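Dear colleague,

Please find the structure below, handed over for your study.

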Amino acid sequence: MRYEMRFSGSGGQGVILASVIVAEAAVAAGLEAVQSQSYGPEARGGMCKAETVLSREQIWFSKVTKPDFLLALTQQSLDKYAQVLADRAVVMIDDGLTVPQGLDKKQVLALPILATARDKVGKLMTANIVAVGAVNRALGLFDEQALREGVRRHIPAGTEELNWKALDEGAALVTEQQAAAFARSLD
Amino acid sequence: MPSELVHKFMRIDHLPHIWCAGCGNGIIMHDVAVALQELIDDPSVPISRDKTVIVSGIGCSSRAAGYLDFDSIHTTHGRAIAFATGIKFARPELEVIVLTGDGDCSAIGGNHLIHAARRNIGLTVVTFNNDIYGMTGGQYSPTTPTGDKATTAPYGNLDRPFDIAQLAAGAGATYTARGSAYHARETTELIKQGVLHKGFSLIDVYSVCPTYYGRKNGKGGAVEMLQWQKEHMVPAAAYYAMSEEARRDKVLVGVLSHTEHPEYTQQYTGLIERVRAQSGK
Amino acid sequence: MKSKRVLMQGNEACVEGAIAAGMRFYAGYPITPSTEIAERCALRLPEVGGRFIQMEDELASMAAVLGASTAGVKAMTATSGPGFSLKQENIGYGCLAEIPCVIVDVQRSGPSTGLPTSPSQGDYMQARWGTHGDHPVIALSPSSVRETYRLIIRAFNLSEKYRTPVIFLMDEIVGHMREGVALPAPRDLIINKRHISYHDGANKQCYAVPEGEFVPAMKPFGQGERYNITGLAHDVSGFPTNNTDIAGALYTRLMEKIDRNLDDIVRVEEYKLDDADTAVVCFGGTARAVMSAVLEARAAGMKVGMFRPITVWPFPAAHLRARLPGLKRILMVEHNYGQMLLEVQRVAAERVPVGFLGRWDGTVIPPEDILQKLREMEGSAHAE
């Protein structure tokens, strides 16, 4: 089965890296993954989206058209990308955002991603890693080893401990009931 | 009878050259050949003929590359310095000499000139500066003096001219000099110093174009134009002995700037060694 | 043993493949969406003893690459739309003077500055006709990260074998896409070394073609050959000539060295065409959506296959012509206003109707649109 994931936010929040890490973890876990991104000319501040497609089989079309999962870290990206979603799509948002009309709140997982990165991990720039920890916990995608391998290949040497903490704090944001409700299988 | 120099360093089966009678380019090519011969024949100088490459662009000047019996490449208009950068950067052990003209190197190729100077890459650039586009029949170039006439300036040239040597020095060239077709011996020495200099060297050599520039501007023929160079261009020793007043209408023949700075390809070789030592490769 | 799979971007695979092919010189100028190629070359080349230089502009980059190649080093540059336009004059120099090198064009949307970060295949015709005058061209186009790695090696091999610049025509879809790849072991790769000859007599027949060959052997500068290279029409000694017989013979040889070796140069991917009544023709990143659509069409009982030129220039005319007898229709799908379409129409020559699905607004054609177009074409055929 093809599983389409979209990561969105504002440039500089690291949503592209989050989607790369999920794809990298998938490869480490022996899955097929294709990652791509689109962006305007702004490296910082503009709206930005990245996409990862996961499957157990060869993936041909590389772009996401109806995401099964959406991460939105800004109101603007949430309002825009919540309009096109697959049935039963999971939408993970920062809990500071307002759920737009027409989006079923039962689909939405609102978590204090930015606050956790800032206050508990101690660095706002780890918000994307916090999000990756929460995504993996909520959807039940990869084992811990594959996830850490995915992160390790994309962070500077010497920042491992900080990033493991961000992953753990992200995972801790998702309750067991939520994890049971949102878990997705690629079969 | 061709001289020994011509036999040894020129491709005699491709002579006579295409330049007009009275053109200064043949003298400048001769200066380049003599400079290279003296360096190659000097056992204390590590320059060999087989490791010397002549690069040129497009224009009258650039035909010189084909007459000199070395590895030679006659490239596209304006790009001689960029091709030469590729050759020198790929094989830093090669001695790379660029023969170019005022239009080739300071108009269409101006960007490559200033950036090669900025990098201080070890090229020697000799400009055959004749104040005109000769190959296409006499259009004004970036060194045509203001007010002079050309086929594209029938009412006089409005542009201000470049001083190519000062332009190169301002961009970071670590050796710049000025020669002339008349001052053959001095110019040959300046070219030799430029080749020996480790870094970017430019020798701006004033040529004469009686056919297109001289005739249009009442400068007379080749003899009168060379006579002007004799009277108005002054070798360094005499030039610096003159009063400021006397220098006012004179042009220095000699070194204009000479500084030391690490040469670009050598710096990159150091970078490779550093990276490989760090990565253990 | 298979090497470990890693997630790799198309632009990165382009660099790693080029290094495996022996590329040790890169000159370039930053331009989206090809910049990752320059960045990775800057990082990787010194590690393997190679050299990276960021030139002052696109024209200089192309010139420096040609210079490095004449000095005996396998060289590459990469660019995108506007930069590809700027490089054209010197690409023509490489064609005439027969200087091997690889030019990567990661295509982007629109004429002029257009949509710099959006995908397109609008440089297809430019890859063939971008530089002035009749000239030979080989252009290859990959459709996956994995293929990018292997195909750029082939680009270098063809460039060396035929002494000609090779255009590596990527697009934003593949260039910016990451997927899992297991890089082949070095011993599994075929790498053409430069065909070099030294001292074949009194200095002066450097463009003479040996019996049984179609290009002269190269003589790198700095080895004592003392020969001349020029962008003017030249004789076998490498010197300019105005003799039209000699110039004509040179121009003809340049074209024929490609035209007479199509079996060696042209590669296509043909998928489920043997029983197909419909062929979808596409190249590069567009093939991703086409494969999805073909699989869905097959699942729905439609007899659809894919014809994908991997060598996009010369166009694989003979391969497509061989498929015509079994086909009722062809659909050309490409991210432009209809460029390869012209080649397909030329080959189909009204024996098989050719439909077209193009997009040139910077968005990507999804498989659903292809499927819908296939249904329309089949439906209108039944209605007749």
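Two remarks on conventions are needed before going on. This is a predicted model, in which local features need pLDDT of at least 70 and side-chain atom pairs count only at pLDDT 80 or more, while totals for chains, interfaces and linings use all residues. Residues are numbered from 1 along each chain as its sequence is written, chains are lettered from A and ligands numbered from 1 in the order in which they are written, and side-chain values use heavy atoms, with hydrogens and water left out.

Chains A and B

The secondary structure of chain A amounts to seven helices and six strands. Its radius of gyration is 15 Å, close to the 16 Å that the globule rule gives for 187 residues, so chain A is as compact as a globular protein of that length. The radius is taken over C-alpha atoms, and the globule rule is 2.2 Å times the number of residues to the power 0.38. Taken along the principal axes, the C-alpha atoms of chain A fill a box of roughly 40 × 40 × 35 Å.

Chain B has 13 helices and 10 strands. For its 281 residues the globule rule gives 19 Å, and the radius of gyration is close to this at 19 Å, so chain B is as compact as a globular protein of that length. The C-alpha trace of chain B spans about 70 × 45 × 40 Å along its principal axes.

How the chains meet

Contact means heavy atoms within 4.5 Å. Two pairs of chains are in contact, and chains B and C share the most contacts. Chain A and chain B do not touch, their nearest C-alpha atoms being 15 Å apart.

Between chains C and B, 44 residues of chain C are in contact with 42 residues of chain B. Together the two chains bury about 3,500 Å², with 56% of it on carbon and sulfur atoms. Buried area is the accessible area (1.4 Å probe) that two parts lose on being put together, summed over both. On the side of chain C, the residues that lose the most area to chain B are R51(C), E56(C) and R226(C), which together account for 22% of what that side buries.

There are three salt bridges between chain C and chain B, a salt bridge being a side-chain nitrogen of Lys or Arg within 4 Å of a carboxyl oxygen of Asp or Glu. One such bridge links the side chains of R226(C) and D69(B) (3.5 Å, N to O).

On the side of chain C that touches chain B, at least two residues each come from β3 (51-54), α3 (58-70), α4 (81-97) and β9 (228-230) of chain C. The largest share, eight residues, is supplied by α3(C). Strand β9(C) also pairs with strand β2 (residues 71-74) of chain B, in the parallel sense and over three bridges; two strands pair if DSSP finds at least two bridges between them. Within this pairing, H74(B) stands opposite T230(C).

Between chains A and C, the contact takes 23 residues from chain A and 25 residues from chain C. The area buried there is about 1,900 Å², of which carbon and sulfur atoms give 52%. The interface holds one salt bridge, formed by E32(A) and R5(C), whose closest N and O atoms are 3.5 Å apart. Nine residue pairs are in polar contact (both at pLDDT 80 or more). On the side of chain A that touches chain C, β2(A) gives the most, with seven residues.

Details of the backbone

A cis peptide bond joins L15(B) and P16(B), with omega about 5°. P16(B) is placed in the loop between α1 (4-9) and α2 (25-41) of chain B. Another cis peptide bond joins T32(C) and P33(C), with omega about 0°.

Technical notes. Helix = DSSP H or I, 4+ residues; strand = E, 2+ residues; numbered from the N terminus. Polar contact = N/O pair within 3.5 Å; in protein donor to acceptor, adjacent residues only side chain to side chain.
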